[in-house]
Amino acid sequence: MSYEVVTWDSAEHGAIARIRMPMAGAKGKTKIDWLPVAIHAATPEEAWSKAVAFYEAELERLSSKSANIEAARAKATATRAAKKEQASV
C-alpha cells in the first residue's frame with residue numbers, strides 16, 4: 001500500500017499535515033482518498049513524522065480488525081457446523 005503525506009504552514013495553525021491513502025470503497029473496492037484527519041505540529045517535519053506515525057497506527061488497527069473479523073467468521077462457521085452435527089444426531 002502506498003500513501004502520500006502533504007504538509008503546509010499556516011500562520012494561524014502552525015504546520016498541518018494530511019494523509020492520502022488507500023481506503024475501502026463501495027462493493028469492496030479500494031480507492032485512494034484523503035483521511036478526514038488534519039495533523040497539527042510546530043514544524044512541517046514534525047507534522048510529517050506525526051502523520052507517518054498515524055498512518056502506521058491506522059494500518060495496524062485495520063489489520064487487527066481484519067484478523068478479528070476472520071477469527072469471528074471461523075468461530076461462527078465452527079459453531080454452525082457443531083449445531084448442524086448435533087441436530088443430525
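These legends describe several views of one predicted model.

View 1. Along the sequence the order is β-β-β-β-α. The radius of gyration is 21 Å, well over the 12 Å that the globule rule gives for 89 residues, so the chain is more spread out than a compact globule. The C-alpha trace spans about 75 × 25 × 20 Å along its principal axes. Take contacts between residues at least 6 apart in sequence: 36% of them join residues at least 24 apart.

**View 2. The surface of the chain comes to about 6,700 Å² of accessible area.** Carbon and sulfur atoms hold 57% of that surface. How many of the residues count as buried? Of the 89 residues, 18% do. The chain carries 13 positive and 11 negative side chains. The centres of these two sets lie 17 Å apart.

**View 3. Twelve residues make up the largest nonpolar core.** Its members are Val5, Ala15, Ala17, Ile19, Met21, Leu35, Ile39, Ala41, Ala47, Ala51, Val52 and Tyr55. Which elements give two or more residues to this core? They are strand β2 (14–24), strand β4 (39–41) and helix α1 (44–88).

**View 4. Leucine 35 is a member of the largest nonpolar core.** Leaving out residues up to four places away in sequence, Leu35 touches Arg18, Ile19, Met21, Met23 and Phe54.

**View 5. Proline 22 sits in strand β2.** Is Pro22 buried or exposed? Proline 22 is buried, and its relative accessible area is 12%. That value falls under the 20% cut-off for buried residues. Tryptophan 8 is 14 residues from proline 22 in sequence. In space the two C-alpha atoms are 22 Å apart.

**View 6. Tryptophan 48 belongs to helix α1.** Its relative accessible area is 43%, and tryptophan 48 is partly exposed. Which residues does tryptophan 48 contact, leaving aside neighbours within four places in sequence? They are Val5, Thr7 and Ala17. Serine 66 lies 18 residues from tryptophan 48 along the chain. The C-alpha atoms of tryptophan 48 and serine 66 are separated by 27 Å.

**View 7. Isoleucine 69 is another residue of helix α1.** Isoleucine 69 is partly exposed, with a relative accessible area of 37%. Serine 2 is 67 residues away from isoleucine 69 along the chain.

Conventions. Residues numbered from 1 in each chain as written. Predicted model: local features only at pLDDT ≥ 70, side-chain atom pairs only at ≥ 80, totals over all residues. Heavy atoms only, no water. Core = buried A, V, L, I, M, F, W, Y, C linked by side-chain atoms within 4.5 Å. Buried < 20%, exposed > 50% of the residue type's maximum accessible area, 1.4 Å probe, protein only. Helix = DSSP H or I, 4+ residues; strand = E, 2+ residues; numbered from the N terminus. Contact = heavy atoms within 4.5 Å. Rg over C-alpha atoms; globule rule 2.2 N^0.38 Å. Areas by Shrake-Rupley, 256 points an atom, 1.4 Å probe, with all protein chains shown as cover. Lys, Arg positive; Asp, Glu negative; His and termini not counted. Charge placed at Lys NZ, Arg CZ, Asp CG, Glu CD.
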